[in-house]
Each structure stands twice: as structure tokens, then as C-alpha cells.
Amino acid sequence: MSNQKILMGHGAGGKLSHQLIQRIFVRHFSNKSLSVLNDASVIKTSAFTAFTTDSYVIDPIFFPGGDIGKLAVSGTVNDLLVSGAVPKYLSAGFIIEEGFLIDDLVKIVASMADEARKAGVEIITGDTKVVKKGQCDKIFINTAGIGDAIESESKLWKTPKLRAGDKVIVSGCLGDHAMAVLSARSSISFEREVLSDVAPLNKLILPLYTNFPGKISFMRDVTRGGLATVLNEICADSELGIELFENKIPVRCEVEGVCEIFGYDPLYLANEGKVVIIVESETAEAILEQIKSCEFGKKAEIVGEINKRAPGRVIMNSVIGGTRIVDMLAGEMLPRIC
Amino acid sequence: MKYLEEYRDNKLASNLINEIIRISRKPVRFMEVCGGHTMAIRKFGIHKMLPPNIELLSGPGCPVCVTERSFIDKAILLSKKKEVIITTYGDLIRVPGTASSLDQEKSSGADVRIIYSTLEALKIAEENPQKKVVFPGIGFETTTPSTAVAVLNAKVRQLQNFFILSAHKIMPPAMEALIKGGADINGYIGPGHVSTIAGSRIYDKLSVDFNISVVISGFEPLDILQSLLMLVEQQEKGKPSVDIQYKRAVNYKGNLKAQKLVESVFETCNTGWRGIGNVPDSGLKLKDEFSRYNAELQFELEVKEVPEPKGCLCGNILSGKNKPQDCKLFGKICVPENPIGACMVSSEGTCAAYYRYNF
Amino acid sequence: MCLSVPAKIIEINNDMAKASVGGSIIDVGLQLVEDVKLGDYVLVHTGFALEKVNEDEAIKMLEMIKQLTDNPDDVT
């Protein structure tokens, strides 16, 4: 362990910048395109290209099950995957606060390189800026991603078309990421550790496109705002609505415990390695089985269906048989005493 | 989870509903005076499973909703002082005062921190001796003991920079005021955790004086259904009384240790309830010997009383005279993202619960 | 009002305890209660134990509800 820190000079474009790029970024991300160190990397893409970007800020930057680097790769990779594309290349932009520990930067970059390998993508271009102490919170990362869009999944490139009878599948337990971060921030702990679910989901998603081409009507990763928010976005302007079954929603009991204590609802908790999939009902069971066979989808469930009961709305059948509306999250979720 | 899941059993719930339907003849109106009950009823859809002759009303059970706007304005005024850190329960942070909210002040640079326990507020005071840490105390019998513990702890630790802005309230006087004010009900679904602390005895007089039922209920679906069954039974027999459904957590005398702690720190005072008005002896303020912790006395806190927003029916809704649907603002201008009245702010407020869970 | 959940006491240090709700562990103040032991369930509100959960009464209540189905009048 050294306690060497990022200095303003690391962002000034001189010798320090050069060292930082060579010793950390080029070394860890190692690939041909990046090591050329030109102003842009030139790559060959397919007929249809998916392109996405996302910025990552999180407190704390290291949390049970991951770190901001893992998040920055997985998030962008998953955005490409759910859009019906095979992820290929990423860019990585770093905004670092002066005084940031170089060892921590190395950990984050190594973690990004590791996840990129797992996701089959290369980080081929990047940028680093250093800002004065207090002008950013430790480190912010932006990644953009390019993927080869799969033509059989062209439905996923457009606004979703819902059909009555379609099933809604969730790929696993809700809220693990939110809880892992919460436990890192507060005095809450767990009997069995709750880890963030952050992961690139290639192994879960790509086999679906291979084995069930064109069968998936809609797919999205369930991140901030939780399942409730994604589902509301899907059916907002539709003549159809989504009906959920409370007893089918997968939630870990530790996560449910925290929800009971602070008055949170797992439907609104953030995830970083979960997707919601809408499929026609005939293939729903087969697709569910395929998802369950993947390590990231063991707890997947069919949680609801598309129908006409409440057009444009998401409704929930409670465990005792009553119904209620599930709205989008209004503002940040706060712990409450009432 | 023990003591939670077994009370959410689908089959037992339908047993209770069938039994209610079987014995219920008279048209009856019951009011819940606890936001937790409002939420549970809406969340599990209980109100839609009952026969049409049973009507449920939501009373003033949400501490945020019944807190006067002048209290929020005082907390906002304090948050603007450079030397002040506001430590508050999350419930209060989005509640609109006259011109702003604690949330808005926070985004303009005020030091407002959300806490879960008053002990965290004490810790913040200890860690920031150069600052003045203010805790706006809201809540009923259940919550006041936590504030009392904090005050007594502050005294033991000789903290000079910890202050309470008290809006603590007690429930029975308000329940009495509602009936005197004309709320037409046959019984109360009694607040569970208030009664855990205060005991079922606090409703004895109310039940006798006004010949109404009070059944103290737990918060899971089976609890509420069983309480409704007990209320219906009392009404059908024509013998209203005080009864406890939530026996696993409530007894006649309540938690005497907690009661003593509260009595040692607080004394009753007159206070205003949003929607009901001034109710004698329904508020709690710090006793004189604790005045050094009393934010009202230690800071200049002049705020103007201002009328409620135009068109807002929160007052009538809290007293059971109107339902949210009667309000012209409800669901149109007044929504959870942009609450006009207090009942929409707190997620357990009557309007928020109706908005979110009505279908 | 007054969110409160049953939590199992798993560790006691003077007037503070650790308690578990479904495997999530929180700090709980014991200032308001007496004679709390390891393994007891308490109702927790704003980080304080309000009261011990009365197990006998909890069982009795569920029994009462279960008996409703065995009621022969039910078949009307």
C-alpha cells in the first residue's frame, strides 16, 4: 500500500498525465486500439450499431459486491444488451478529485478491466480530468458503449408494443444493490451478507436471443427507481396495463427486513444486475427456464402480465387478494418513522 | 419474518372477511386514526373487500399531516441559520411550509440531515460542538419517548448544543374533539403502537362518554380484519366498548417505564391540529427544568400564521368530513411529486394513500 | 403513524442491543423496556424497543382466526 495521491498535475497533460495513462489505464485495459494512443480509435462495426452512454456517481465508491468501476462497465454493457445488441467497445472518462488515492484508482481501473473481460468488451478510448478538492466527490466515471445490434431483435430497438396476455419476467431478487450500498453507508448490517447484484449480464441475455429469436417484446435493466418505475414507463401511454402478483415478486428476506424497518418498498429499490423482460405467454415458461439456468437468473420469476384491467397503469394484487396502484417513485426514497 | 408473514395469510384473511359479511347487518362507519392503518388498508386493498354497509374513514393519524404549517416554518427558519444543523426524521423533509420545505432549504445549502433515531442526533451534536443541533420532534405517544430519552441523555452528557422543537401530541383529546366536532362514526380502529406505550385505558372515558367502540388494532392485514370483525360484533350487539385485538403488543396499562420517562421531561399544553384546530391539553412541551433544550425559547422564532392553500380540503379530510376525491386539487394539481396539502406529503397521509392505492 | 417492526434481540450491551429483522441487523435502544433477554422479540420504533412481543397472545390470536373455518355456521 502506498499513499500516493492524484495531483492537479495528473490532469495537466504533461509527464504526470502520461505516466498515469501508461501505468494505469493502458496497462489494465490493454488492447491494441487503446495502446496506439491516438485521439480516436478506429473500429469496424456491423450494419446496425447500438450506441449508449451513462455517467456513474456513487457514495461510497467501494461497496459490498462491487465498486464504481464495476458499475461503470456493467451499467453500459447491460444497456447495450437489453437493447438487442452484442456489446463490443467502451470509452471511459474519469473526473477525479485532487488528493484521490492512486491505489484506489488502480483498484477501480483493475475492476473495470476485469468486468470488461467478462463482458467481452474492449475499453478503447478514454480521458482523465483532475478537479480541485471539493469540486467533485472523489471520482466520477462516464462510459459510452458500442454494440452490434442483432437484426432478429429489432423490436427491442423501438418503442415497445404490448399485447394482452404477454408475461412479465423479473430476473431475480429486487433491491440487493440498494441494500448493499445502504449497509456501506449506515450502521445496518446483515446476518448473511447482502452483496450488490452489479454484473454484466451477457451470459443471461445473449442465450435468449440465440434460443428465442424475436420472441422478446421488451427488455430493460431495472436500475434506479426500481421495478415500479420501469413498468410504469412501459405502459404509460398504452391502452393496456400491467398486473403484478405480490406473492411472486422475488425479494431476499434481509432486504424485506430493512424495508419493514424504514418503510421502504422493494419495488422502488435500485438494482444493477436485474432485467425485466416482456414475452408472449406461449414462450414465457421456456424463457424463464433458460434464465433460471444462468447464475444471474436463479431467482427469476414470472411476476405479472399485460392486460386491459387498468390501461396505462401498473396494479398489484396483494398477498391477501386486494388490489392497488403501483405508481412511479415520487422523489427520493427516504427512511420514515410512520 | 416472524410476527409479520403469518398475519398475511390469504386463506385466513378470506375467513375473516366471510365472517364479517356473515354477521354484519347495520350500516356502520369506522375511523382509523393511525396512518399506518390507512396505509395497510389501502396497500392490501382491504377497503374493497368489505360489504357496502361498512364504511372506513381516515382520521388525523399522520403526525406530519396534523402538524401546523407554522411548525414547519419554524424549522425552516432555524435551518437558514448558519450555526444550525437540523436533524429530522425523513417524514418531515418534504412537507411544504408557507414558502419552502426543509428539502428545498437543504438544496440551497442548509445543513439538514435525515436520521432514524434521536440517538443519531445526539451523536451529531457531540461531533459538532461548534454547531447548534436542532431536532424537530413530531409524533404521538409512540414517538415521544424517543425524544424524552434524547433529552435526558443530552443532560447526562452535558450537551450544550442540542435543542428540541416539539410538536409532539397526544391522541385521545383529538379523538374526542373529532366526535364533538361532528364526525359521524360508530367506532375507532384504535392506534396500535400509541397504545403499546399508553395502554388501552386511555380510551375508557371516550368510549363511555360517546358510546362508541374502540378496538386497538395491529398493522398486518389479519390484524385489521380481525379488528373490523370485533368492531362489527360490538355494533351488532349494541354494546360498544374498548377492546384490544393487538394483544401481542398492547395491554391495559401500557409501558409504564416509557410513560414515566415522558412525564419526567414533558408536560401537556394546548396545541393546534391541522384540520381540527386548537385542542386543549393535546400537545406536549418540555418542562421548565429542560428549557435550555427548548428551541422555542433558545432561538428567535417569530413566524406569521398563514391561511391554508386555497381549495385545499386537508382540514375536512383529516376530520372525516370529506374524502380526498371531494377535493378539486386532489390528483390534479396536488400529487405526490408536488403536494399542496399535508395529506399528500406524507406517504401515509390520507390523500397520498388514496392516490397511490386507489383502484 | 408509528412504523414499528418485531425484531429479535441477538446481542445486548448495557442499554443498547442489536436486533434482527429477517436477517437485517439494526441498533436498538433498550431505554424504554425492562428485562429484555437474548432471543426476545421486541417492537422497534425509531431505533428504540417499545415493548416485548407477547408470544402467547400472538399464538392465541392466530388460533382464534383459524377456528373461524371450523365453525359449522359458516356453511350458510
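Predicted model: local features only at pLDDT ≥ 70, side-chain atom pairs only at ≥ 80, totals over all residues.

User: Got it. In what order do the seven strands of the open sheet in chain A run?
Analyst: The order is 9-11-7-12-10-13-14, and the pairing is mixed.

User: Why is one side of strand 9 and of strand 14 left without a neighbour?
Analyst: Strand 9 (216-221) and strand 14 (323-325) of chain A are at the edges with a single partner strand each, so one side of each has no neighbour in the sheet. On average, neighbouring strands of this sheet are turned by 25° against each other, direction ignored.

User: How do strand 7 and strand 12 of chain A pair, parallel or antiparallel?
Analyst: Antiparallel, over four bridges, with strand 7 covering residues 167-170 and strand 12 covering residues 301-307 of chain A. For one bridge, A:Lys167 has A:Glu305 in strand 12 as its partner.

User: Which strands does helix 3 of chain A lie across?
Analyst: Helix 3 (residues 68-82) of chain A lies across strand 9 and strand 11 (275-279), at about 170° to strand 9 of chain A.

User: OK, chain B now. What's the strand order in its five-stranded open sheet?
Analyst: That one goes 2-1-7-8-9, with parallel pairing. Its edge strands are strand 2 (54-58) and strand 9 (242-244) of chain B, each pairing on one side only. The twist from one strand to the next averages 20°.

User: And which residue is the bridge partner of B:Tyr188 in strand 8?
Analyst: B:Val214. Strand 7 (residues 187-190) and strand 8 (residues 213-216) of chain B pair in the parallel sense over four bridges. Helix 11 of chain B lies across strands 1, 2, 7, 8 and 9 of chain B, running at about 160° to strand 8.

User: Switching topic: how much area is buried between chain B and chain C?
Analyst: About 3600 Å², with carbon and sulfur atoms giving 66% of that. Chain B puts 50 residues into the contact and chain C puts in 38.

User: How many salt bridges are there between chain B and chain C?
Analyst: One. The side chains of B:Lys2 and C:Glu55 meet there, at 3.0 Å from N to O. Between chain B and chain C there are also eight residue pairs in polar contact, both residues at pLDDT 80 or more.

User: Which helix of chain B gives the largest share of the side that touches chain C?
Analyst: Helix 1 of chain B, with six residues. By class, that side of chain B has 25 nonpolar, 15 polar and ten charged residues.

Notes. Residues numbered from 1 in each chain as written. Chains lettered and ligands numbered in written order. Heavy atoms only, no water. Pairing = 2+ DSSP bridges. Helix = DSSP H or I, 4+ residues; strand = E, 2+ residues; numbered from the N terminus. Axes fitted to C-alpha atoms, helices over the stretch in contact; angles between N-to-C directions. Contact = heavy atoms within 4.5 Å. Buried area = accessible area lost by both parts, 1.4 Å probe. Salt bridge = Lys/Arg side-chain N within 4 Å of Asp/Glu carboxyl O. Polar contact = N/O pair within 3.5 Å; in protein donor to acceptor, adjacent residues only side chain to side chain. Nonpolar A, V, L, I, M, F, W, Y, C, P; charged D, E, K, R; others polar.
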